[in-house]
Amino acid sequence: MKQNVALVLSSGGSRGLAHIGVISELEKHGFQISSVSGSSIGSVIGGLYAMGKIQEYTDWVSSFNKRDVWGFMDFTLATNGLLKGERVFDKMKTFIPDMNIEDMPIPFAAVATDIITEKEVVFTHGSFYKAARASVAIPAIFTPVKCNNTIIVDGGVLNPIPVEYVSRKNGDLLIVVNLYGDKKTDIPKESNNNNGFLNRLMNTISTLIITGDKHSAGYYSLLSGTTSAMIHRIAKLSIEKHKPDMIINIPYDSANTFDFFKAKELIQLGESAAKVAIMNYSIIQQENE
């Protein structure tokens, strides 16, 4: 019999593409994912897997270059975010139709944050795309989602690793994919190409989003650094509290927030990290027998 797995996918921007590689490797080794929860990018990948559409998304995102990523940045003049965050989901809907979460073949939960009540918002019913859009609303980068007199932002703000909301049954292995693993500076970088101007343009925009600002030098760098430190600490505490059976760590410096053009590299990174974690888990199991 296959070992059932309750899988928890953390937040972490484009590093979340590593989730795809992890899922692939778990299946290759005979694990059966019986439930999924996710925060931010983890909710996107987790939901697509739960609805049986992860391959369609993988094929699509694996074709991205920097120009494609730039094309999905729907800038807005709103004061509460740089991007509307609708264009990429509108494109996905053309080849992956929306589905209500309760109708998915695998139990799934997406987590977001209500900044009015300072509580988590857990989506286990209703539109997948609405849940995903709310869960990925990085504060000050994506405009927040307004719903029922409240404001919803990225799930990683309060719960980057939503272990509490995965539908784990007795006997299920609890596996966490943590996108806030220790720094690893020897991650292979993407090869150079001839799109010199586009590269410079993307670098400029990335600098604005990640380290630049709207009004004074350091605004976004301060916001990003503060948020990152907070999320790293919450992620670590969550892992220590719940003690997963297996932790698959992805180095937090393996990609920036919008490096979706590194899809193939990040998917491979997920596969490699999963192989190591599975091997270590097997060794421990054998020693305990």
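**First stop: around α2**

(Helices, H or I runs of at least four residues, and strands, E runs of at least two, are taken from DSSP and numbered from the N terminus.) Now step back to the helix itself, residues 41–50. Of its 10 residues, 10 are buried, so the rest of the structure largely encloses α2. Buried here means under 20% relative accessible area, exposed means over 50%, and partly exposed lies in between, using a 1.4 Å probe and protein chains only. Click through I41, G42, S43, V44, I45, G46, G47, L48, Y49 and A50 to see the buried set in α2.

**Before going on: what you're looking at**

This is a predicted model, in which local features need pLDDT of at least 70 and side-chain atom pairs count only at pLDDT 80 or more, while totals for chains, interfaces and linings use all residues. Residues are numbered from 1 along each chain as its sequence is written, and side-chain values use heavy atoms, with hydrogens and water left out.

The chain's average is 88, and 86% of the residues score at least 70. Look for residues 187–194, where pLDDT falls below 50; that stretch has 12 contacts in the model beyond near neighbours in sequence. (A contact means heavy atoms within 4.5 Å.) Residues 210–217 are also below 50, with 21 contacts beyond near neighbours in sequence.

Zoom out for the whole chain: nine helices and eight strands. Of its 289 residues, 50% are buried. Among contacts with a separation of 6 or more, 76% link residues 24 or more positions apart.

Select S11, in the loop between β1 (3–9) and α1 (18–28). Is S11 buried or exposed? It counts as buried, because its relative accessibility is 2%. Show side chains and you'll find S11 and Y180 joined by a polar contact of 2.5 Å. (That term covers a pair of N or O atoms within 3.5 Å; within protein, one must be able to donate a hydrogen and the other to accept it, and residues adjacent in sequence count only if both atoms are side-chain atoms.) Leaving aside residues up to four places away in sequence, S11 touches several others, including S39, S40, I41 and D154.

From Y180, hop over to P251: the two are 71 residues apart in sequence, but their C-alpha atoms are 6.0 Å apart in space. P251 sits in strand β8 (residues 246–251) and is buried, with a relative accessible area of 9%.

Most residues other than glycine have a negative phi, so here are two to check. E118, in the loop between β3 (108–114) and β4 (119–123), has a positive phi of about 60°. E118 is exposed at 65% relative accessible area. Next, select N148, between β5 (145–147) and β6 (150–153), where phi is near 50°. N148 is exposed too, at 69%.

**Last stop: helix α9**

Finish with M279, in helix α9 (residues 263–288).

How values were computed:
pLDDT is the predictor's confidence in each residue, from 0 to 100.
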